[in-house]
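Please keep the structure in view while reading.

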Amino acid sequence: MSSPDEPTNFLYPFIDAQEDNPEALLADLAASAQAKASESLALRRSTLEANAGQLDAAAAEAARRFAVGGRMFTFGNGGSCTDSTTLARLFARPPVGRPLPAWPLTADQAILTALGNDVGFELVFARQLIARAKPGDIAVAMSTSGGSPNLLTALAEARQRGLYTIGFAGYNGGAFVDNPNVNACFVVRSQSVHRIQESQALLGYQLWLSVHERLGDKGLGAA
């Protein structure tokens, strides 16, 4: 819940207004929800179209690596931590199709807190890649800003070790764009964190679907 001094107009302009008519308030709520749903749908469609070439190339390379024993490691901060975990579990425990080896580097609280305490938060993902990754694996960094130091450090470590690196970013892509340590960068061009993460979720699903199609799994279109 927001504090009394916290503005909410940028999210729901009608909440702070003096509205005595409950029917009018419900109509405002419905209109706001419809507008956000329309905005989200339009952005997801344009994002898929804008990233189609990158998705195709990334899926082909990821499928090639999975086929010869490669593994996927995902990571992110905050809400992107949750999204990266969801992506890894989609690959590892899919609703249909074969499971593929994928792990979120955000799942083990003991490892994260030990590394954060002992070597610093900037290295919490890079150190895990040093310990676990091998040439031929895949590293996926998810971010809204594309500028988190610990993600950039991990991507640099991954590239140095022969991993194929994929970055998800919002806004204008931040430091992920045109970065020699990022093989494929999917950018959601929005200023809204909510809309960015919604579109990134769809990009992740499309990546999973495309990888399976290239591995020869059939009948995933309705997954």
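Asn181 lies in the loop between S4 and S5, where helices (H or I, at least four residues) and strands (E, at least two) are DSSP runs numbered from the N terminus. The model is a predicted one, in which local features need pLDDT of at least 70 and side-chain atom pairs count only at pLDDT 80 or more, while totals for chains, interfaces and linings use all residues. Residues are numbered from 1 along each chain as its sequence is written, and side-chain values use heavy atoms, with hydrogens and water left out.

- Asn181 counts as partly exposed because its relative accessibility is 23%, the classes being buried under 20% relative accessible area, exposed over 50% and partly exposed in between (1.4 Å probe, protein chains only).
- Leaving aside neighbours within four places in sequence, Asn181 is in contact (heavy atoms within 4.5 Å) with Leu155, Ala156, Arg159 and Thr165.
- Asn181 and Ile166 are separated by 15 residues in sequence and by 9.1 Å in space, C-alpha to C-alpha.
- Tyr171 also has its place in the loop between S4 and S5, and at 25% relative accessibility Tyr171 counts as partly exposed.
- Tyr171 is 17 residues from Val188 in sequence and 6.4 Å from Val188 in space, C-alpha to C-alpha.
- The contacts of Tyr171, again leaving aside neighbours within four places in sequence, are Thr144, Ser145, Val187, Val188, Arg189, Ser190, Gln191, Val193 and Ile196.

**Overall make-up**

- The secondary structure of the protein comes to seven helices and five strands, which follow the pattern α-α-β-α-β-α-α-β-α-β-β-α along the sequence.
- Of the 223 residues in the protein, 41% are buried.
- Among contacts with a separation of 6 or more, 68% are between residues 24 or more positions apart.
- The protein exposes about 11,400 Å², of which carbon and sulfur atoms supply 54%; accessible areas come from the Shrake-Rupley method with a 1.4 Å probe, and for residues only the protein chains shown count as cover.

**The sheet**

- Strands of a sheet pair through backbone hydrogen bonds, either parallel or antiparallel.
- Here five strands form an open sheet in the order S2-S1-S3-S4-S5, with parallel pairing, and two strands are taken to pair if DSSP finds at least two bridges between them.
- The edge strands, each pairing on one side only, are strand S2 (102-104) and S5.
- From one strand to the next, the twist averages 15°, with axes being lines fitted to C-alpha atoms (for helices over the stretch in contact) and angles running from 0 to 180 degrees between N-to-C directions.
- S1 and S3 pair in the parallel sense over five bridges, and Met72 stands opposite Ile138 in S3.
- S3 and S4 run parallel and are joined by five bridges; Ile138 stands opposite Tyr164 in S4, and Val140 stands opposite Ile166 in S4.
- S3 is largely enclosed by the rest of the structure because five of its five residues are buried, with Ile138, Val140 and Met142 on one side and Ala139 and Ala141 on the other.

**Helices**

- H2 has 16 residues and reaches 22 Å from its first C-alpha to its last, close to the 22 Å expected at 1.5 Å a residue, where the expected span is 1.5 Å times one less than the number of residues.
- The buried residues in H2 include Leu55, Ala58, Ala62 and Phe66, and just after H2, Gly69 takes a positive phi of about 100°.

**Nonpolar cores**

- The largest nonpolar core has 30 residues, and those with the most contacts inside it are Phe66, Phe91, Ile166 and Val211; such a core is a set of buried Ala, Val, Leu, Ile, Met, Phe, Trp, Tyr and Cys residues joined through side-chain atoms within 4.5 Å.
- The elements giving two or more residues to this core are helix H2 (52-67), helix H3 (79-92), strand S3 (138-142), strand S4 (164-170), strand S5 (184-188) and helix H7 (193-214).
- A second, separate core of 21 residues includes Phe73, Val124, Ala141 and Cys185.
- Not counting residues up to four places away in sequence, Ile166 touches residues including Ala58, Ile138, Val140, Leu155, Phe186 and Leu207.
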